[in-house]
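Follow the account below alongside the sequence and the structure.

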Amino acid sequence: KKLILFLFVTSIDEIVILFLALILDYPPPLAAVQILWINLVTEGTLTINLIMEPPEGDEMKRSPTPVTQPLLDRALLLRIPLMVLISVTLTFGWFVYRTTMGISPNLVQSETFTLLAICQWFNVLNCRSASRSVFSSDLLKNPWLLGGLVLGNILHLAVIYWPPLSQFFHTTPIHMAQFFIIIAIGSFVLWAEELRKLLARRKSLHQ
């Protein structure tokens, strides 16, 4: 379920962002090779790693799962649109903002590409638990996921700043100050889900 949630959210993000740019008559927010990179590398360094997630530790305290419960249950179907809404709003909003400022299309694409990747990195942390805070889940319990995040970050920096890769993937180096602003914006994906989890925990305590 955690992997399905992550894959659904990341795939829908890309579709919605591209669709919005098309119907609103904006230039392409991502180059085709950048979409391919996100699907194969950004997601690829995290998907198998998320499967290696260990038990959360409170499984025996939960109500038994009915055998008739579908894999895509109501809770999962409610989380998908919320997570998509946050990441699409941040990424497409940034793309529109920078485009209207007259920034060069290549730089805008590079920033949008980077922000979308950052949203996915935060979202994989969100997917580790439906109710527990990211900050209460020891990331070191899943060294595979930690390694995937580190590898994904290194590879993305190479695509942005290493000329042989940046030329092939049509990216432009991002100023480091701007890079940290993009990270801060992408982190709202994490904070929004943290708020939802907090409300969910409070609701369960009153039931």
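P55 sits in the loop that links α3 (47-51) and α4 (74-100); helices are DSSP runs (H or I, at least four residues), numbered from the N terminus. The model is predicted, so local features need pLDDT of at least 70 and side-chain atom pairs pLDDT 80 or more, while totals for chains, interfaces and linings use all residues. Residues are numbered from 1 along each chain as its sequence is written, and side-chain values use heavy atoms, without hydrogens and water.

With a relative accessible area of 65%, P55 counts as exposed (over 50%; buried is under 20%, partly exposed in between, with a 1.4 Å probe and protein chains only). Between P55 and A31 there are 38 Å from C-alpha to C-alpha, at a separation of 24 residues in sequence.

Next, the helix pair. The axes of α5 (residues 105-126) and α9 (residues 188-205) come within 8 Å and cross at roughly 20°; the axes are lines fitted to C-alpha atoms over the stretch in contact, and angles run from 0 to 180 degrees between N-to-C directions. That angle makes α5 roughly parallel to α9 (under 35 degrees). C119, F122, N123, L125 and N126 of α5 meet V189, L190, E193 and K197 of α9, where contact means heavy atoms within 4.5 Å.

Definitions and conventions
Helices (H or I, at least four residues) and strands (E, at least two) are DSSP runs, numbered from the N terminus. Angles under 35 degrees count as roughly parallel, over 145 as roughly antiparallel, 65 to 115 as roughly perpendicular and the rest as oblique.
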